[in-house]
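This report is meant for a reader who is meeting the structure for the first time. Please look through the sequence and the structure before reading on.

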Amino acid sequence: MKKDDGIDKKDKIDLTGSSVVERSLTINGLKQKTEKETAMKNITKRGEDYSQWYQDVIANADLAEHSVVRGCMVIKPYGYAIWEKIVAILDSMLKEMGVKNAYFPIFIPESFLEREKKHVKGFSPELAVVTHGGGKKLEEPLVVRPTSETIIYESFSRWIRSYRDLPFVINQWANVVRWEMRPRLFLRTSEFLWQEGHSAHASLQEAEEYALKILNEVYVKFAHDFMAMPVYTGQKSEGEKFAGAFRTFCIESLMQDGKSLQAGTSHNLSDNFSKSFDVSFLDQDGQRKNIFQTSWGVSTRLIGGLIMTHSDDKGLVLPPKLAPVQVVIIPIRVTDQAAIEVAKSVVKQLAGFSVETDLRDYLRPGEKYYEWEKKGIPVRIEIGPKDMENRAVVLVRRDTGAKESCAISQIPQRVEEILQDMQSSLFAAALKRREESNKIVDSWQDFEQALKQGGYVFTHWCGDESCEADIKQKTKAVSRFMPFDAREEHGDHLCINCGKKTVYKKRWAFALAY
RNA sequence: CGGGCUGUGGCUCAGUUGGCUAGAGCGUCUGGUUUGGGACCAGAAGGUCGUGGGUUCAAGUCCCACCAGCCCGACCA
């Protein structure tokens, strides 16, 4: 079509030619090393192309793949095993707080969404809508839930009668669909799995407290203690809050490329929904009042955060508490019966951990090492002839690659120590990365430059929606949150962008975001 | 949804101005030798060239539409 085509092809041929020559020359010089390097190259280095690295880690760890269905994801068994661990832990944390699980339909009548004006406005561009059923056109289209506030609150309106019914809390584990323009595995897929909790309270104050309680006592705790992922907590700006919310709180975490990931949200919905769904209760004073609600959720996006927080150029790194397999035992010679017996006894000793023994006889040990490293298994135990002589094994930890010899009797104790140390040092490393990239700025020039470098940039800002849009247009960054733990600064402050006097004493965090 | 790029065995790709039964490497399978960081030898299987039209004696190659993926925007957990 274009004249340029010919030139492009020529360039392509030349490039291919030269790279082939280069490769063969290298092979002549450093044969072994070159072969290894090309073999390793199935994971792109983080520094070269972060996005490609992310995809390579997922593919090599066999976590997930794109579905033939546009924007959707197939979660493969190993990826799903990680999700199951997340679900199990979060579910038990929620149950400890008295939250009960329930399930609501995947289909929501279109009219339900339309009852809350801001809610429908926020979600309508990304809805999947069912128009036919049973071979006939439906009288009213059914929306595939993008979130379940509306269908759940319709039930609340019939379930909640008295102040004695409050607070009322329900959680559901479900899939939701949001027709996203640009999908990315785990981070933004058209269909995703999540937990969504919904509560009803007698007052705005109680709703506020509950939304924060979930954030701090469930989400922060889970991120820190289990994911080893340090998160900031804070409040979203007007422009960034949930469609239909009075206030949105979030946990937000810094990824290794300097971008911020919203890992979970908790909303104080005030009485915005209860007014439109007529959810009311008879209070002690005999007055009929609207309830105040909260909703909160975390999704399979957590796995994306997990990957981008800890993984390295060799592949996935999992915090021990979320690893589906914590220890893998690799007998160097699978035909060595004595070594197999030792492996069996080690499995027994490690009864409290999830352990797998790799007895595949068609793979050499080195190949197994790479495979389990790419899957992020925290500890590898090697049992070979040399170890058998010493009545010991070799322990290798995934994050540092450190090897050590360990007497057989000491294994449970050492494994426990290593796993604990790895769990805490992964957190410490991520926290250090974040703190080192934090910046405090007071001029537009510094602001712009700091954003380019990545990490959170703390500055004074007016909070205005149009001002935020302007900042986004100029820098690609948006406000992430107003940190809860930020200190108040006395005196007047001017907005970094528009120069207006701000009403806030605290600085906002800005960052490039996922 | 706009702009750019891509789609050929499981994976990475080659395939010239359209021309014969579409190739390579890796992986897979079978057998053998090996086994402390991605082994080697011998043999084998595996492809509707993204889908549907069109042009042509002839299409992986040219044209159109659609689908999917990647990158950049807008949107978002």
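Two residues are taken to be in contact if their C-beta atoms, placed from the backbone, lie within 7 Å. The model described here is predicted.

**A pair of helices**

Two packed helices are described by the angle between their axes and the distance between the axes. Helix α4, residues 77–96, packs with helix α8, residues 204–226, at an angle of about 140 degrees, and their axes are 11 Å apart. That angle makes α4 oblique to α8, and the crossing in which α4 passes α8 is right-handed. On the side of α4 the contact is made by I89, L90, M93 and L94, which meet V218, F222 and F226 of α8. Sorted by class, this contact of α4 with α8 has seven nonpolar residues, with no polar and no charged ones.

**Paired strands**

The table sets out two pairings that involve strand β7, residues 168–177.

| Strands | Sense | Bridges | Opposite residues |
|---|---|---|---|
| β3 (residues 100–101) and β7 | parallel | two bridges | N101 and N171 |

**Around the RNA**

RNA strand B is surrounded by 48 residues, of which R70, M181, G366, G384 and K386 are the closest. Among the elements that give two or more residues to this surface are α1 (4–29), β11 (260–270) and α13 (385–390), while the largest share, seven residues, comes from α12. By class, the surface near RNA strand B has 21 charged, 16 nonpolar and 11 polar residues.

Note on methods: Residues numbered from 1 in each chain as written. Chains lettered and ligands numbered in written order. Predicted model: local features only at pLDDT ≥ 70, side-chain atom pairs only at ≥ 80, totals over all residues. Axes fitted to C-alpha atoms, helices over the stretch in contact; angles between N-to-C directions. Helix = DSSP H or I, 4+ residues; strand = E, 2+ residues; numbered from the N terminus. Parallel < 35°, antiparallel > 145°, perpendicular 65-115°, else oblique. Left-handed = near helix turned anticlockwise from the far one by under 90°. Nonpolar A, V, L, I, M, F, W, Y, C, P; charged D, E, K, R; others polar. Near = placed C-beta within 6 Å. Pairing = 2+ DSSP bridges.
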